[in-house]
Structure formats: C-alpha cells, structure tokens
Amino acid sequence: MARYTGPITKKSRRLGTDLVGNDKAFEHRPYPPGQHGRGRTKDSEYLLQLKEKQKARYAYGVLEKQFRRYYEEADRVPGKTGDALLQILESRLDNVVYRSGIASTRRQARQMVSHGHLLVNGKRVTIPSYRVSPLDIVDVAPKSLNLTPFVIARETFGEREVPGWLTVKPNRMRILVHQLPTREQITIDVNEQAIVELYSK
C-alpha cells in the first residue's frame, strides 16, 4: 500500500500539531513552514475542516482513498460517525504496536509489521492496516526478540503511557487487546466532527 514518505515535521508545522510525538524540530519551530510561515492568516471553515482531516491522515499514515473508505465504513456504524472513524484508525495493527510503546513512532511500527516481526494470535501478519479485534494477542515473533529495536523497547518500557484498552507484557513483548478504544481513550489532537462535516457536504 502506498503511503506518504516525505518529511513529516513539515506537515506537523503546516497543521499546527505534533504528528510524530516528541518531535524536537516541531517544538523548536511550531509555526508553518515557508517564507510567510509566521504571518497570520484567517482560516475559512473549509480550510479548518480540511486541516483536521489532514491531521488524522498524516498522523495515522493513511492516504486519501483509504481514509475515505474508513469514513464510509464509520458512517454505516450506529452512533457517532466521528467516534467510529477514530476507533477504526486506532485499531490498525501499526497503531496498536505504536500505542503499546514497542515502537517509538507509527512509521517504525509500520516497518516492524511489514517486515514480518509481529504475530497476531500466533499467525504472522505483514499488513500494517490489519485491524485488531477485542481479545486479540499480538506478539513479537520469537526470532525477532533480540533485534535492537525490541531490546530498546524492553529497556525503555514505561516511558510512554499505555492506553487502558491495551495491556503490555514487556518481558515477553506481548500486547493484549481488551477492547476497542472509546473516544475518551483516544488522545490524538483531532476534531473528528470537522472531518465528518467535510465529508458530508
């Protein structure tokens, strides 16, 4: 699956939010890139809605076509469409690996999955967009446990908070998925209602 591979800090500065997590470059220059980055512009309602969509897209590493499919799926689910959309995005395997603290960024998590280092319920999964379900068990493959990224993850475990819908056993590099997250458990800085309004026009 294609994905955006360009400089993510530039997108963070354009959208005004840290899309990576602990991005030192963004903290150093938290204003839009370019010659007129520090100038003030009055954003239209459409631009504000578009920015919220782009925030979610770049944060989760999803291209427009796939993001639109996620929205259409969320729109068919009873309840709030915005909440359902974020729940779908959060349940992606690459995001689960990132949220668990095993990967330091979603890009690293995506690479771990696509390189075959993760097992879901004992079966190797190499698709980052694979969606986990309640009671799934995600393990690092036994042959991969001693690779440098996973050794570092064990040594630094606890530096980042693990959301309540997951439990991580760092010694075994195992993730237990208790449930799909509620909106209160999703910490991403996105106004999902603006995304729904944008797509429903």
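Modeller: Gladly! Strand β1 (residues 118-120) runs antiparallel to β2, and 2 bridges join them; helices (H or I, at least four residues) and strands (E, at least two) are DSSP runs, numbered from the N terminus, and two strands pair if DSSP finds at least two bridges between them. This is a predicted model, in which local features need pLDDT of at least 70 and side-chain atom pairs count only at pLDDT 80 or more, while totals for chains, interfaces and linings use all residues. Residues are numbered from 1 along each chain as its sequence is written, and side-chain values use heavy atoms, leaving out hydrogens and water.

Back at the strands, Leu119 has Arg124 of β2 opposite. Both strands belong to an open sheet of 5 strands with antiparallel pairing, ordered β2-β1-β3-β5-β4. At its edges stand β2 (123-124) and β4 (166-169), each with a single partner strand, so one side of each has no neighbour in the sheet.

The side chains of Glu73 and Arg131 meet in a salt bridge (2.6 Å, N to O), meaning a side-chain nitrogen of Lys or Arg within 4 Å of a carboxyl oxygen of Asp or Glu. Glu73 lies in α4 and Arg131 in that loop, so the pair ties together parts that are 58 residues apart in sequence. Glu73 is partly exposed at 26% relative accessible area, and Arg131 is partly exposed at 29% (buried is under 20%, exposed over 50%, partly exposed in between, with a 1.4 Å probe and protein chains only).

Within α4, Glu72 and Arg68 also form a salt bridge (3.6 Å, N to O); they sit 4 residues apart, about one turn of the helix.

Now for the helix's partner. The axes of α4 (residues 64-75) and α9 (residues 192-199) come within 12 Å and cross at roughly 95 degrees. That makes α4 roughly perpendicular to α9 (65 to 115 degrees; under 35 is roughly parallel, over 145 roughly antiparallel, the rest oblique). These axes are lines fitted to C-alpha atoms over the stretch in contact, with angles from 0 to 180 degrees between N-to-C directions. Glu64, Phe67, Arg68 and Tyr71 in α4 meet Ile195, Val196 and Tyr199 in α9, where contact means heavy atoms within 4.5 Å.
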